[in-house]
Amino acid sequence: MKKPKTAKPLLRQDEPLRSRPRRRRDPAQPNLLLDPMPERIEPCLALLKSTPPTADDWHFEVKWDGYRIAVHIESGKVRILTRGGHDWTHRFPTIAAAALQLPVATAIIDGEAVVMDAEGRSDFSLLQKSLGGRSGKAVSADAILMAFDLLYFDGHDLTSVELSSRRHMLQDLIGTDRSDIRFSETIDADGEQLLASACELGLEGIIAKHRDSRYRSGRTGDWLKIKCVQSDSFFIVGYEPSSSGLGGLGALLLAAYQGDDIVYVGSVGTGFGEAQANKLRATLDGLKRKRPPLVYDGARKNVVWAQPTIIAEIHYRGWTNDGTLRDASFKGVRDVQDNADVYRIDESAGEA
């Protein structure tokens with residue numbers, strides 16, 4: 001009778017950590033030196049445009065509606081960092097657990113943490129609810145990662161590699177049978193037709209990326225975002241009380257950056273439920289101030305002003321002639337650690 005084979009340990013103490021080679025190495029190719037793994041890489045951000053590019057050197061993806069995160073895998077551990085560099089590993093346990101199952105020793109994956117609705121569309125309000133709202137401490141067991149870029153892989157910095165190759169390696173790494181980490185597919189279609197289809201399906205919009213671009217931090221123009229319904233982040237600078245409104249809120253007053261100052265851009269009175277309105281009012285009452293935090297000569301007189309601390313995500317249909325939001329609807333509150341960009345009027349003119 002043969003003796004049963006004993007399982008070999010996954011790692012030996014005298015060996016460096018390596019992932020299994022994905023294909024046989026060509027002996028004619030030299031072994032490459034390993035690059036140190038960075039603690040953090042500032043994300044590449046998409047520049048807002050009104051229409052998609054038409055040249056052949058761009059590809060398109062769905063615009064996911066969630067929190068931008070970077071998943072760091074190293075030495076059998078995972079760190080999940082927000083766009084602002086805050087560690088949210090504990091808040092996305094399903095994503096962290098799925099990352100540990102990937103066949104790689106070291107990696108940095110760029111993507112979006114999202115919660116899907118019943119129709120399979122990413123829904124920011126559902127994600128925000130699962131995380132407990134602004135500065136909430138809840139753990140989201142519903143969030144998944146839509147991965148769209150690979151910045152570091154098996155000891156090698158890929159930020160200077162062209163996008164098409166980075167995404168090819170990422171797709172090979174993730175595969176097709178994972179539920180909590182999914183590859184953000186490239187959609188081969190005419191940009192205008194794709195945008196129309198996305199809007200018809202109720203998606204937020206599409207992203208265009210230059211196929212040959214290296215990964216550059218900041219808003220460089222290598223990535224573009226084209227939205228169906230405009231959605232941006234604004235400061236809540238106060239509220240108008242109402243005895244008939246949910247939570248006693250008649251409307252939230254909003255502000256955006258203009259240069260180094262903030263300016264009034266209108267109000268929003270729809271889009272929030274009673275529980276959310278109650279929480280918003282309690283938070284704003286804790287931020288009360290006697291004078292407005294901006295120049296205000298509007299018609300509203302019975303305003304409770306607040307420190308411009310809370311950042312709200314707002315849906316709107318455009319701008320009026322007097323510089324206020326048209327058909328605004330409240331979408332949710334951005335967590336302070338998400339490091340969301342507050343809308344800048346001077347930088348965004350002509351793009352929306």
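This is a predicted model: local features need pLDDT of at least 70, side-chain atom pairs count only at pLDDT 80 or more; totals for chains, interfaces and linings use all residues.

Student: Is E42 buried, partly exposed or exposed?

Tutor: E42 lies in the segment before strand 1 (47-48). Its relative accessible area is 43%. Buried needs under 20% and exposed over 50%, so E42 is partly exposed.

Student: Which residues does E42 touch, not counting those up to four places away in sequence?

Tutor: E42 and G218 are 176 residues apart in sequence, yet their C-alpha atoms are 7.2 Å apart in space. With residues up to four places away in sequence left out, the contacts of E42 are Y215 and S217.

Student: With which side chain does the side chain of E42 make a polar contact?

Tutor: A polar contact needs a pair of N or O atoms within 3.5 Å. For the side chain of E42 the distance is 2.9 Å, and the partner is the side chain of R40.

Student: How many residues apart are C199 and C228?

Tutor: C199 is in helix 4 (residues 191-200), and C228 is in the loop between strand 10 (223-227) and strand 11 (230-241). The pair links distant parts of the chain, and the separation is 29 residues.

Student: Why is the disulfide of C199 and C228 assigned a hand, and which one?

Tutor: The hand follows from the torsion about the S-S bond of C199 and C228. That torsion is about -95 degrees, so the disulfide is left-handed.

Student: Is C44 buried or exposed?

Tutor: C199 has 33% relative accessibility and counts as partly exposed. C228, at 22%, also counts as partly exposed. C44 has 0% relative accessibility, and under 20% means buried, so C44 is buried.

Student: What is the volume of the second largest pocket?

Tutor: The second largest pocket is lined by 40 residues, and A46, R83, R219, K225 and D341 lie nearest its centre. Elements giving two or more residues to the lining include strand 1, strand 10, strand 11 and helix 6 (345-348). The volume of this pocket is about 890 Å³.

Student: How many charged residues are in the lining of the second largest pocket?

Tutor: The lining is split by class.

Technical notes
Residues are numbered from 1 along each chain as its sequence is written. Side-chain values use heavy atoms; hydrogens and water are left out. Helices (H or I, at least four residues) and strands (E, at least two) are DSSP runs, numbered from the N terminus. Buried means under 20% relative accessible area, exposed over 50%, partly exposed in between (1.4 Å probe, protein chains only). Contact means heavy atoms within 4.5 Å. A polar contact is a pair of N or O atoms within 3.5 Å; within protein, one must be able to donate a hydrogen and the other to accept it, and residues adjacent in sequence count only if both atoms are side-chain atoms. A disulfide is a pair of cysteine sulfur atoms within 2.5 Å. On a 1 Å grid over the protein atoms alone, a cavity is a set of points where a 1.4 Å probe fits but cannot get out, and a pocket is an open set with protein on both sides within 12 Å along at least five of seven lines; lining residues have an atom within 4 Å of a point. Grid points are joined across faces, edges and corners, and a volume is the space filled by probe spheres set on the points. Ala, Val, Leu, Ile, Met, Phe, Trp, Tyr, Cys and Pro count as nonpolar, Asp, Glu, Lys and Arg as charged, and the others, Gly among them, as polar.
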